[in-house]
Amino acid sequence: MAPVALSNAIQDYLKEIYKLGRETERVSTSALAKRQQVSAASASAMVKKLAVLGLAEHAPYRGVTLTHAGEQVALE
């Protein structure tokens, strides 16, 4: 199966989650929003989208982590 083309925004979020994840185990959506210079609602919506795509795991009030697939994209 051919890989799905991911938008630049998705790739940017994955890279930022990866960077923040090196500092803390789980990345809060508020920290992600601050680093991406977007509203918390925008960051939360993107995190949910990443979870649906299987690129991140999100636990409400506990933050977000990358899946193996998400980490691979972040490192590309």
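Start by selecting glutamine 36, which sits in helix α2. Helices here are DSSP runs of H or I with at least four residues, strands are runs of E with at least two, and both are numbered from the N terminus. The model is predicted, so local features need pLDDT of at least 70 and side-chain atom pairs count only at pLDDT 80 or more, while totals for chains, interfaces and linings use all residues. Residues are numbered from 1 along each chain as its sequence is written, and side-chain values use heavy atoms, with hydrogens and water left out.

**Stop 1: around glutamine 36**

Contact means heavy atoms within 4.5 Å. Now pick isoleucine 17.

**Stop 2: the salt bridges**

Select glutamate 16 and arginine 35. Their side chains meet in a salt bridge, at 3.1 Å from N to O. The term needs a side-chain nitrogen of Lys or Arg within 4 Å of a carboxyl oxygen of Asp or Glu. This pair links distant parts of the chain: glutamate 16 is in helix α1, arginine 35 is in helix α2 (residues 29-36), and they are 19 residues apart.

How accessible are the two partners? Glutamate 16 counts as buried, at 9% relative accessibility. Arginine 35 counts as partly exposed, at 40%. Buried means under 20% relative accessible area, exposed means over 50%, and partly exposed lies in between (1.4 Å probe, protein chains only).

Glutamate 23 lies in the loop between α1 and α2 and arginine 35 in helix α2, so the pair ties together parts that are 12 residues apart in sequence. Glutamate 23 counts as exposed, at 61% relative accessibility. Show Glu16, Glu23 and Arg35 together. Salt bridges that share partners join these three into one network. By this rule the count comes to 2 salt bridges.

**Stop 3: α1 against α3**

Select helix α1 (residues 8-21) and helix α3 (residues 40-52). They pack at an angle of about 95°, with their axes 11 Å apart. The axes are lines fitted to C-alpha atoms over the stretch in contact, and angles run from 0 to 180 degrees between N-to-C directions. That makes α1 roughly perpendicular to α3. Angles of 65 to 115 degrees count as roughly perpendicular, under 35 as roughly parallel, over 145 as roughly antiparallel, and the rest as oblique.

Which residues make the contact? On α1, show Ala9, Ile10, Tyr13, Leu14 and Ile17. On α3, show Ser42, Ala43, Met46, Lys49 and Leu50. They divide into 8 nonpolar, 1 polar and 1 charged. Ala, Val, Leu, Ile, Met, Phe, Trp, Tyr, Cys and Pro count as nonpolar, Asp, Glu, Lys and Arg as charged, and the others, Gly among them, as polar.

**Stop 4: the core**

Select Leu14, Ile17, Leu32 and Leu50. Of the 18 residues in the largest nonpolar core, these four touch the most other members. Such a core is a set of buried Ala, Val, Leu, Ile, Met, Phe, Trp, Tyr and Cys residues joined through side-chain atoms within 4.5 Å. The elements that give two or more residues to this core are α1, α2, α3, β2 (63-66) and α4 (68-75). α1 gives the most, with 5 residues.

Centre on leucine 14. Not counting residues up to four places away in sequence, leucine 14 touches Leu50, Leu55, Leu66, Gly70, Val73 and Ala74.

**Stop 5**

Move to threonine 65 in strand β2. Threonine 65 is buried, with a relative accessible area of 18%. Leaving aside neighbours within four places in sequence, threonine 65 is in contact with Glu25, Arg26, Ala56 and Glu57.

Next, select threonine 67, in the loop between β2 and α4. Threonine 67 counts as buried, at 15% relative accessibility. With neighbours within four places left aside, threonine 67 is in contact with Gly54, Leu55, Ala56 and Glu57.

**Stop 5: two positive phi angles**

Select glutamine 37, in the loop between α2 and α3. Glutamine 37 has a positive phi of about 60° although it is not a glycine. At 75% relative accessibility, glutamine 37 counts as exposed.

Finish at tyrosine 61, in the loop between β1 (56-59) and β2. Tyrosine 61 is not a glycine, yet it has a positive phi of about 70°. Tyrosine 61 is exposed, with a relative accessible area of 89%.
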